[in-house]
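The notes follow the order in which I looked things up.

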Amino acid sequence: MSALGYIKNKGLNKDSEYPYTSAKGQCMADTRMTITKISSWEKITPFYSMTNKSEIQAIEDAVLRGVVIAAIDAYDLMFYKAGIFDAKCSQDVNHLVVIVGYGETTQDDPEGPGIGYWVIKNSWGTDWGEEGY
(Lines give C-alpha, C1' and ligand atoms only; values in the text may rest on other atoms or scores of the structure.)
Protein backbone atom coordinates (compact mmCIF):
# COMPACT_ATOMS: atom_id res chain seq x y z
CA MET A 1 0.00 0.00 0.00
CA SER A 2 1.29 3.48 -0.84
CA ALA A 3 1.75 6.11 1.86
CA LEU A 4 -1.30 7.99 0.56
CA GLY A 5 -3.34 4.80 0.48
CA TYR A 6 -2.37 4.16 4.09
CA ILE A 7 -3.46 7.66 5.14
CA LYS A 8 -6.75 7.31 3.26
CA ASN A 9 -7.52 3.94 4.88
CA LYS A 10 -6.05 4.33 8.37
CA GLY A 11 -5.37 8.03 8.87
CA LEU A 12 -2.57 9.87 10.68
CA ASN A 13 -1.60 10.22 14.32
CA LYS A 14 -0.26 13.41 15.92
CA ASP A 15 3.53 13.75 15.85
CA SER A 16 3.45 13.88 19.66
CA GLU A 17 1.60 10.53 19.79
CA TYR A 18 3.68 8.77 17.14
CA PRO A 19 6.96 10.65 16.62
CA TYR A 20 9.27 10.14 13.66
CA THR A 21 12.13 7.70 14.12
CA SER A 22 14.85 7.25 11.54
CA ALA A 23 14.66 3.47 11.42
CA LYS A 24 13.12 0.98 9.05
CA GLY A 25 10.42 -1.16 10.55
CA GLN A 26 6.77 -1.96 10.84
CA CYS A 27 4.35 0.94 11.22
CA MET A 28 3.01 0.90 14.76
CA ALA A 29 0.54 3.79 14.50
CA ASP A 30 -2.59 3.38 16.62
CA THR A 31 -5.68 3.80 14.43
CA ARG A 32 -7.69 4.67 17.55
CA MET A 33 -5.57 7.84 17.80
CA THR A 34 -6.22 8.97 14.20
CA ILE A 35 -6.61 12.74 13.90
CA THR A 36 -7.18 13.00 10.15
CA LYS A 37 -7.66 11.07 6.93
CA ILE A 38 -7.69 12.04 3.28
CA SER A 39 -10.61 11.34 0.96
CA SER A 40 -8.73 11.53 -2.32
CA TRP A 41 -5.58 12.71 -4.02
CA GLU A 42 -4.46 13.87 -7.41
CA LYS A 43 -1.12 13.19 -9.06
CA ILE A 44 0.69 16.10 -10.65
CA THR A 45 3.02 15.19 -13.51
CA PRO A 46 6.58 14.84 -12.15
CA PHE A 47 9.05 17.55 -12.96
CA TYR A 48 12.83 17.53 -12.80
CA SER A 49 13.68 21.15 -13.44
CA MET A 50 12.19 24.43 -12.39
CA THR A 51 12.04 25.89 -15.90
CA ASN A 52 8.61 24.68 -17.06
CA LYS A 53 6.18 27.45 -16.10
CA SER A 54 3.05 25.28 -16.52
CA GLU A 55 4.40 22.64 -14.09
CA ILE A 56 5.30 25.31 -11.56
CA GLN A 57 1.85 26.91 -11.92
CA ALA A 58 0.15 23.51 -11.45
CA ILE A 59 1.97 23.02 -8.14
CA GLU A 60 1.26 26.59 -6.98
CA ASP A 61 -2.44 26.06 -7.76
CA ALA A 62 -2.44 22.75 -5.88
CA VAL A 63 -0.81 24.38 -2.81
CA LEU A 64 -3.64 26.93 -2.75
CA ARG A 65 -6.24 24.10 -2.84
CA GLY A 66 -4.77 21.80 -0.20
CA VAL A 67 -1.88 19.65 0.93
CA VAL A 68 0.82 18.90 -1.63
CA ILE A 69 3.19 16.03 -0.98
CA ALA A 70 6.44 15.98 -2.93
CA ALA A 71 8.65 12.94 -3.44
CA ILE A 72 12.27 14.09 -3.43
CA ASP A 73 15.90 13.04 -3.19
CA ALA A 74 16.71 14.11 0.37
CA TYR A 75 20.39 13.23 0.49
CA ASP A 76 21.69 16.84 0.48
CA LEU A 77 18.60 18.08 2.33
CA MET A 78 19.82 16.35 5.52
CA PHE A 79 22.34 19.16 5.96
CA TYR A 80 19.93 22.09 5.41
CA LYS A 81 19.95 24.74 8.13
CA ALA A 82 18.28 27.91 6.76
CA GLY A 83 17.63 30.05 3.72
CA ILE A 84 16.91 28.88 0.19
CA PHE A 85 18.08 25.32 -0.41
CA ASP A 86 19.57 24.96 -3.88
CA ALA A 87 20.55 21.51 -5.10
CA LYS A 88 20.78 19.71 -8.40
CA CYS A 89 17.53 18.13 -9.53
CA SER A 90 17.48 14.38 -9.19
CA GLN A 91 15.17 11.57 -10.22
CA ASP A 92 16.22 9.53 -7.17
CA VAL A 93 13.30 9.52 -4.76
CA ASN A 94 13.86 8.54 -1.13
CA HIS A 95 11.76 10.92 0.99
CA LEU A 96 8.43 12.76 1.14
CA VAL A 97 7.88 16.37 2.23
CA VAL A 98 4.81 18.58 2.34
CA ILE A 99 4.80 21.76 0.23
CA VAL A 100 2.98 24.32 2.38
CA GLY A 101 3.69 27.50 0.44
CA TYR A 102 5.80 29.26 -2.15
CA GLY A 103 7.26 32.66 -2.79
CA GLU A 104 9.86 34.75 -4.50
CA THR A 105 12.78 36.60 -2.95
CA THR A 106 12.77 40.39 -2.82
CA GLN A 107 15.45 43.03 -3.17
CA ASP A 108 16.22 42.77 0.57
CA ASP A 109 16.92 39.02 0.56
CA PRO A 110 20.58 37.92 0.88
CA GLU A 111 20.12 35.57 -2.10
CA GLY A 112 19.02 38.48 -4.31
CA PRO A 113 15.66 39.34 -5.87
CA GLY A 114 13.43 37.18 -8.06
CA ILE A 115 14.37 33.68 -6.90
CA GLY A 116 11.35 31.40 -6.67
CA TYR A 117 11.15 28.93 -3.79
CA TRP A 118 8.87 26.33 -2.18
CA VAL A 119 8.22 26.28 1.56
CA ILE A 120 8.31 22.67 2.75
CA LYS A 121 7.52 20.97 6.04
CA ASN A 122 9.73 18.03 6.80
CA SER A 123 9.10 15.11 9.14
CA TRP A 124 12.51 15.30 10.81
CA GLY A 125 11.42 17.49 13.70
CA THR A 126 12.00 21.09 14.69
CA ASP A 127 15.78 20.70 15.00
CA TRP A 128 16.01 20.34 11.20
CA GLY A 129 16.11 23.48 9.03
CA GLU A 130 14.13 26.45 10.26
CA GLU A 131 11.96 24.85 12.97
CA GLY A 132 11.16 21.89 10.71
CA TYR A 133 10.58 23.96 7.55
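**Sheet, helix and core**

I began with strand pairing and found that strand 1 and strand 2, the latter covering residues 95-104, pair in the antiparallel sense over five bridges. The model is a predicted one.

Three strands form an open sheet in the order 1-2-3, with antiparallel pairing. I recorded strand 1 (68-72) and strand 3 (116-121) as the edge strands, each of which pairs on one side only. On average, neighbouring strands of this sheet are turned by 55° against each other, direction ignored.

Next I asked what packs on the sheet. Helix 2 (residues 53-65) does, and it touches strand 1, strand 2 and strand 3. I noted that the direction of helix 2 makes about 95° with that of strand 2.

I went on to the largest nonpolar core and listed its twelve residues: Ile59, Ala62, Val63, Val68, Ala70, Ala74, Leu77, Tyr80, Val97, Ile99, Ile120 and Trp128. Helix 2, strand 1 and strand 2 are the elements that give two or more residues to this core. The largest share, three residues, comes from helix 2. In soluble globular proteins, nonpolar side chains tend to be buried together.

Leaving out residues up to four places away in sequence, Val97 touches Val68, Ile69, Ala70, Ile72, Ile120, Lys121 and Asn122.

Definitions and conventions. Residues numbered from 1 in each chain as written. Predicted model: local features only at pLDDT ≥ 70, side-chain atom pairs only at ≥ 80, totals over all residues. Heavy atoms only, no water. Pairing = 2+ DSSP bridges. Helix = DSSP H or I, 4+ residues; strand = E, 2+ residues; numbered from the N terminus. Axes fitted to C-alpha atoms, helices over the stretch in contact; angles between N-to-C directions. Contact = heavy atoms within 4.5 Å. Core = buried A, V, L, I, M, F, W, Y, C linked by side-chain atoms within 4.5 Å. Buried < 20%, exposed > 50% of the residue type's maximum accessible area, 1.4 Å probe, protein only.
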